[in-house]
Structures are given as C-alpha cells and as structure tokens.
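Student: I would like to learn how to read the overall build of a chain and then the placing of a single helix. Could we go through one model together?

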Amino acid sequence: TEAIGLYNLGQTCCLNSLLQVFLMNIHFTGILRRITVPSSPVQRRNNVPYQMLLLLEKMQCGKCKAVSPTDLACCLSEHRVKLFVQHDAAQLFLTLWNLLKKQMKKPELVEQLSDLYTICIQEHLACQSCSFETKNNSTMLTLPLPVLDASSQRLKTLEDCLQYFFHPEELTGQNMCFCRQCGRKTTFLQSMKLVHLPQSLTLHLKRFCFERSSHKLSHYLPFPQELDFNEVLTENQCQADDSEKATWQYELFAVVAHSGSTSCGHYCAYIRSLTECKWYCFNDSQVCQVSWDDVKCTYGRSSLYWRETAYLLIYMKKKPQ
C-alpha cells in the first residue's frame, strides 16, 4: 500500500525513475498482470515483462522501504541494455517499451500497450511551386518538444513548445525537396498535424543541446497540472474528428527530472498516485510525499545549472465527466 523505493545498483537512477513511472501507472500494471508466464527458467530470466511483474509483486509485499531491481537489471543486460553507465531517460524509455512490446506474446496485450502509449502524427509536405502534396501518418512514443525556437530564443511555456512543434516550417535552400510534379527541387511547406493522443502521453523536453558544444538548457519553463490540447493547438494543427478531440484533456501524472550536466547527472521521478491523488518523489531508495510546489521546482532556472529540471512529462487522460 506504500510507495516503495528501488536501490541504486550503480548509475541506475535513470532506470529506477522510469520503472517507478511504469509501475505506478495502474493502466500499465493492469496489462502487465495479464502476461503469459514463460515456460522455462531461462525464458523467465530473460523476459522483461515477466521480470517487471516480479519486481512489482516484490514492491507490493510492503515489507521493506526499498527493494533491489537486480534481476530485472540482469535481464535487461541480456538484451544489450548497458548497466553502470549514464543513460538518457527518453532513449531508455523507448528501449524499455520496445522490449516490453516485443516480449508480450498475447496480441491483444500488445495492442493495449500501443493504445496506452503511442501518439499518431500526420506529416504534410506541400510544394510551394505547384499543387503537389504528400501526407504520411506515423506513430511515436514521445513528443520531442524543442525548448528553443529557430532563432535560439527561449520558449516560455510548455504550451509555447507544443505550438512551436506543430507550427509549419518552410523547407528552403539545402532543405528543399524534390517535387515529382515539377521535376526538380523546390521549396516545400512542412507541417505536423495531431491525429491521435494516447491514455498516457509522454512529452520530451529537449533540454540537452549538442550542436556546438554539449550543454544543458536549464531555463525556466513552466508546465500546467491540467492540459487541454483543444485550447493549445489551432484547427490547422489537428487532423482528428470531434470525438477524438473530446478526449484531449489531460492531468499531469509524472515528471522525470534531471539534475547535473549532459555528461554527469542524476534522475529522480515525481509521481502522482492515481489511487491516493498524492504526489511522491522517488529518488532511488528514498521515497517521500511532496507538494505541488515541490514539483514546480523542476521548472528550471538558468542560474542554478545543477538543479533538478523536468525532462520527461507524463500526462494522463482525464476521466470523462
């Protein structure tokens, strides 16, 4: 019944934070509890969903304030996930999710896992010299949101980052595309349109910059507890019907925060319990109840470079009234 910590095995703070986000999500654990248990001991040892289920059961025994994720970490190393190294939370999240999806044998569970997490975007490319246009749908696990605009100016809020991501961009000069109708490279207008949002939505704030020199963008960027995409995006930025748009109201569920630099840092997770509606900070083996003001401390501040800064934001769909 209590929030349980995970021991750090040596630079496993990133893994621990992501595991807590997965296992505190009752929609995810509902899927996890219905997996098929592998038949042989070797298969069980190397099966990520099964090892994650064992860890969940270990945590729910409630006898300890923290448990060790050793078996799951060993299982992940068998699938070429490096241990004892610095990980990027967005990349490791994608790796874990792909392993879960690959090893869940029941097709209906794979479908439910996809429905729970995947975003659908439509990319539009329109030639500016003729009427030629292409449209391609693609799915993604996270929305990678820039925190700077094309002029390297800071975007001021999460809503600004979302609007900027879906803002049309003119592809000129070296970025021009070949137009089959014109028979040459021309200027194109590229735009991203939102088609579908999942139950559990992950936003990736691209705070790590590697263009000229490796550095972290720690500036102040507030994010709301409640987020309605109908209010944030324009009609031109959406490619969805009214029934889909009616579900686009979200509440913040978790924040994976990073402190330190691009080369040396630490992760922890702030998670709102879906059963108690209380916020907790999961910092490896240490877990404590926190306030919304504590979560807001992850908005960032340029003068405090090493301070905790939100990196992944996980929003959960509101229950219909």
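Student: What radius of gyration does the chain have, and what would a compact globule with 321 residues have?

Tutor: Bear in mind that this is a predicted model. A compact globule with 321 residues would have a radius of gyration near 20 Å, and the chain has 21 Å, which agrees. Along its principal axes the C-alpha trace spans about 65 × 50 × 45 Å, and the secondary structure comes to eleven helices and 18 strands.

Student: What share of the residues is buried, and what share of the contacts joins residues 24 or more positions apart?

Tutor: Buried residues, those under 20% relative accessible area, make up 49% of the 321 residues. Of the contacts with a separation of 6 or more, 67% are between residues 24 or more positions apart. The chain exposes about 16200 Å², of which carbon and sulfur atoms supply 49%.

Student: Which residues of helix 8 are buried, and why do they lie on the same side of the helix?

Tutor: An α-helix has 3.6 residues a turn, so residues three or four places apart point the same way. In helix 8, which runs over residues 158-165, the buried residues are Leu 158, Cys 161, Leu 162 and Phe 165. They cover an arc of only 95° around the axis, which puts them on the same side of helix 8.

Student: Which elements do these buried residues of helix 8 pack against?

Tutor: They pack against helix 9 (229-232) and against several strands, including strand 5 (142-146), strand 9 (188-196), strand 10 (200-206) and strand 18 (309-317).

Definitions and conventions: Residues numbered from 1 in each chain as written. Predicted model: local features only at pLDDT ≥ 70, side-chain atom pairs only at ≥ 80, totals over all residues. Heavy atoms only, no water. Helix = DSSP H or I, 4+ residues; strand = E, 2+ residues; numbered from the N terminus. Rg over C-alpha atoms; globule rule 2.2 N^0.38 Å. Buried < 20%, exposed > 50% of the residue type's maximum accessible area, 1.4 Å probe, protein only. Contact = heavy atoms within 4.5 Å. Areas by Shrake-Rupley, 256 points an atom, 1.4 Å probe, with all protein chains shown as cover. Arc of directions from axis to C-beta.
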